[in-house]
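Have a look at the display first, and then let's walk through it together.

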Amino acid sequence: ILLAIMKSALIPGNSCPSGVLLGVIVLILGVFNMKTGDRQRISKCEEIFDRGYDLHLNSHYKESTAVLFSGAMLSPDPMFHIIIGKNNEALGDFTSAQREYETAHFMVPYRIFPLERLMRLKLKQHDNESALMYAEQVEDMPINENHKGMAYLKNVCCSVVDSLRLKQSSL
């Protein structure tokens, strides 16, 4: 599968974003490594994420990104890319932030958080059309209503959809 995706990405005219390719590679490598049952590696990934997230929370964005990037090479968890994206966003590098959020989305397509981050990024850039596109994707996603965080993110996105559609209709 990986070879077919890589070959497809190299064909002129095919539009396979690098984030998709990277996401597939990281996911496949991560799943392969997870099957080894290496609990020490899992524990190390958790430690790396915790250290990187702590640096993020304390506004040490560049250091956080370096730490989280090392963890992203070991783990298929898209949260590494989301926090790297948030670091890039805080540093004003919106292109890199978008790339990281897209990578996280392509790793687990039915996860709401990467799309919500993309929506917020586009709102920050005053790109309402793209923000609406991401919010509508979330609006159409089924969720576990018992998961309060997921329900909250979906409600936020649905509110943005309503607000942007109202804005469009008044133009």
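Which residue forms a salt bridge with E89, and how far apart are the closest N and O atoms? The partner of E89 is R117, with 3.2 Å between the closest N and O atoms.

## Before we start

This is a predicted model, in which local features need pLDDT of at least 70 and side-chain atom pairs count only at pLDDT 80 or more, while totals for chains, interfaces and linings use all residues. Residues are numbered from 1 along each chain as its sequence is written, and side-chain values use heavy atoms, with hydrogens and water left out.

A salt bridge here is a side-chain nitrogen of Lys or Arg within 4 Å of a carboxyl oxygen of Asp or Glu. Side chains of opposite charge can pair when their charged atoms come close. The structure holds 6 salt bridges.

Back to the pair from the opening question: E89 forms a salt bridge with R117. This pair links distant parts of the chain, with E89 in helix α5 and R117 in helix α7, 28 residues apart. Helices are DSSP runs (H or I, at least four residues), numbered from the N terminus. Both E89 and R117 are buried, where buried means under 20% relative accessible area, exposed means over 50%, and partly exposed lies in between (1.4 Å probe, protein chains only).

E89 also forms a salt bridge with K124, the closest N and O atoms being 3.1 Å apart. Here too the pair links distant parts of the chain: K124 is in helix α7 and E89 in helix α5, 35 residues apart. E89 has a relative accessible area of 6% and is therefore buried, whereas K124, at 43%, is partly exposed. Taken together, E89, R117 and K124 are linked in a network of salt bridges.

Another salt bridge joins the side chains of R111 and D77, at 4.0 Å from N to O. The two residues sit in distant parts of the chain, 34 residues apart: R111 is in the loop between α6 (94–107) and α7 (112–124), and D77 is in the loop between α4 (61–72) and α5 (79–90). R111 is partly exposed, with a relative accessible area of 30%, and D77 is partly exposed at 31%.

How do α5 and α6 cross, and at what angle? Their axes come within 7 Å and cross at roughly 165 degrees. Axes are lines fitted to C-alpha atoms, for helices over the stretch in contact, and angles run from 0 to 180 degrees between N-to-C directions. The two helices are therefore roughly antiparallel to each other; angles over 145 degrees count as roughly antiparallel, under 35 as roughly parallel, 65 to 115 as roughly perpendicular and the rest as oblique. The contact (heavy atoms within 4.5 Å) includes I82, I84 and E89 of α5 and F94, A97 and Y101 of α6. Its residues divide into 7 nonpolar, 5 polar and 3 charged. In this scheme Ala, Val, Leu, Ile, Met, Phe, Trp, Tyr, Cys and Pro count as nonpolar, Asp, Glu, Lys and Arg as charged, and the others, Gly among them, as polar.

The axes of α6 and α7 come within 8 Å and cross at roughly 160 degrees, which makes α6 roughly antiparallel to α7. Among the residues that meet are F94, A97, Y101 and H105 in α6, and L115, R117, L118 and K124 in α7. The contact of α6 with α7 divides into 8 nonpolar, 2 polar and 4 charged residues.

## Two positive phi values and a glycine

Most residues other than glycine have a negative phi. S59, in the loop between α3 (39–57) and α4, has a positive phi near 65 degrees. S59 is partly exposed, with a relative accessible area of 48%. H126 has a positive phi near 60 degrees and lies in the loop between α7 and α8 (128–139). At 69% relative accessibility, H126 counts as exposed.

Finally, G149 is found in helix α9 (residues 148–169). At 36% relative accessibility, G149 counts as partly exposed.
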